[in-house]
Amino acid sequence: MPRVAIATTSSLAADGARDVIDRGGNAVDAALAAALVTMNTAPGVCALAGGAFITVWAPGEAPVTCDGYVTVPGLGTDRLARDDAALDVTMAYGGGITTTIGPASVAVPGTLAAVDTVMERYGTLGLATALEPSIAAARDGFPLSQACHYYLQYSGKSVFGRNPVSLRALHPDGDTLLPAGGIVHLPGLADSLQAIADNGAREFYEGELARTIVDHVAAGGGVLTREDMARFEAVLRPALQVELGDWQIALNPPPAIGGTMLGALLLATANDTPLLDALRTALQYRRGALDFADALEPACQALIDQARTDGLRTAVRGSANTVHTSAVDSNGLACAGTASSGYGSGEMPAGTGLWLNNCLGELELNRRGLDAGPPGSRLPSNMAPTAARRGGDALAIGSPGADRITSALAQVLTRFVLEGEPLQQAIDAPRFHVEAGLTREAGESRFPERLFTEPGALDVVSDIEAQHTFAGPSMYFGGAGGALFDATGDTLTAAADPRRTGATAVAGTD
């Protein structure tokens, strides 16, 4: 069996990965087992009933990204969401965000379909085995991570306190949030996961679980239908490829936006454009040309082409909450998976232990709002799970962090590839991020361009007026995790981000 290196979100997830590695699992088995643990033990930060992208680069094959991101609901019905099915909530998290929650914010979940598709094609142990660590954690209870506790201080009551079971799971006395490390017990979660293990992923999409989820959303005034669930399919797409130094980088392709943004930033930096300048230009282009594009692929290609030719030196015309796991093995198989359930809808169907997403309500990402397009269409995403190769060397890397995903990964990869820093050092280094001013309509700004930095992140003076410097490393800037196989030295390395409760493991024997 191959040796595997994995970077994930918690020691619980890393232990789950070790378990499947010891049973002969490869990088895909390990990555997906760890990701499933994370999705089911990260209240507030992620949940299984959301969306995901998984990039896989197998030796001798072209890289692919499995698109299991959420879609617009409403197939088979002309029913509209009730007015009381959506609620805008403002939180102080990340300098202040407004998100829409409630049944109307729930998009068609695709994470499990992506996991099942990738496991079937590239894994060796099967979905039921990959779920075993998650089922055990759900039955025994699991510790509330520091990252989850931090976010729930803002959202625990306003979002996750709307459901009585959810409220009690996170606030056992009905009022006080569990401390970091406190044990979370979610009634029904282990049984839901066991049903999926016993009956396969279609249990979630066509079985009793699907009926329970749909009936809950419909009763609350949302538009999710049984046809939405039954017809959802994950899509395998050729990965978007760009070159950086002597590495080939495989990225999440359109209709997601994150891979294109990251690819443009990497190409611009390699073309000697300062990353801060490239980031500002790319964000301006995204707001002007990508967020409302009817033909997304040519608009994305235009950004890549300009980054390659002039480094974004001239203006281009045209998930909060997420979790990430990376794994590579000694055969050179690389797997990077990122998942999100938005900021959480606050909805938990009775008896399931499953929190539902609010991806329709992520207003800074889905700028079309609840009327996001025809039923079945994919929503936009910042997620950018990435795999890379240099000869026999293989790298899997990614990050959570909403719109900070691309800026975080661009800084890590340029340090690692172009500046030659060790992977852990590149991940640890201070970061910055720019937020482009959002607009309600042309010419009317909702807020100005904003610059966020960690101490020591920038060695230049910026003309951005709205600036905020954090006191130290912050989970606001993501939680990058990378796994590296060095073919020359036959060595495996895993690196996790100190900004979140990350964990790594290297296990297995050839």
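This is a predicted model: local features need pLDDT of at least 70, side-chain atom pairs count only at pLDDT 80 or more; totals for chains, interfaces and linings use all residues.

The largest cavity holds about 100 Å³ of space. Of its 14 lining residues, Ala 35, Met 39, Gly 337, Thr 338 and Ala 339 are the closest to the centre.

**Lining of the largest cavity**

- At least two lining residues come from each of four elements: helix H2 (27-40), strand S2 (51-57), strand S11 (322-329) and strand S12 (334-340).
- Helix H2 provides the largest share of this lining, with four residues.
- Sorted by class, the lining comprises ten nonpolar and four polar residues, and no charged residues.

**Helices H2 and H3**

- Helix H2 also meets helix H3 (residues 111-122): their axes come within 10 Å and cross at roughly 160°.
- Angles over 145 degrees count as roughly antiparallel, and the crossing therefore makes H2 roughly antiparallel to H3.
- The crossing of H2 and H3 is left-handed.

**The sheet of six strands**

- Six strands are arranged as an open sheet in the order S9-S10-S13-S14-S20-S21, and their pairing is antiparallel.
- Strand S9 (240-244) and strand S21 (491-496) form the edges; each has a single partner strand, so one side of each is left without a neighbour in the sheet.
- Ala 250 has Ala 387 in S13 opposite to it.
- As a general point, the strands of a sheet pair through backbone hydrogen bonds, in either a parallel or an antiparallel manner.

**The sheet of three strands**

- A further open sheet has three strands in the order S15-S18-S19, and here the pairing is mixed.
- The edges are strand S15 (432-435) and strand S19 (466-469); because each has a single partner strand, one side of each is left without a neighbour in the sheet.
- S15 pairs with strand S18 (residues 450-453) in the antiparallel sense, over four bridges.
- His 433 is placed opposite Phe 452 in S18.

**Backbone features in loops**

- Most peptide bonds are trans, and most residues other than glycine have a negative phi.
- The peptide bond from Pro 254 to Pro 255, however, is cis, with omega near 20°.
- Pro 255 belongs to the loop between strand S10 (247-251) and helix H11 (258-270).
- Asp 272 is not a glycine, yet it has a positive phi of about 70°.
- Asp 272 is found in the loop between H11 and helix H12 (275-290).

Terms used
Residues are numbered from 1 along each chain as its sequence is written. Side-chain values use heavy atoms; hydrogens and water are left out. On a 1 Å grid over the protein atoms alone, a cavity is a set of points where a 1.4 Å probe fits but cannot get out, and a pocket is an open set with protein on both sides within 12 Å along at least five of seven lines; lining residues have an atom within 4 Å of a point. Grid points are joined across faces, edges and corners, and a volume is the space filled by probe spheres set on the points. Ala, Val, Leu, Ile, Met, Phe, Trp, Tyr, Cys and Pro count as nonpolar, Asp, Glu, Lys and Arg as charged, and the others, Gly among them, as polar. Two strands pair if DSSP finds at least two bridges between them. Axes are lines fitted to C-alpha atoms, for helices over the stretch in contact, and angles run from 0 to 180 degrees between N-to-C directions. Angles under 35 degrees count as roughly parallel, over 145 as roughly antiparallel, 65 to 115 as roughly perpendicular and the rest as oblique. A crossing is left-handed if the near helix is turned anticlockwise from the far one by less than a right angle, and right-handed if clockwise.
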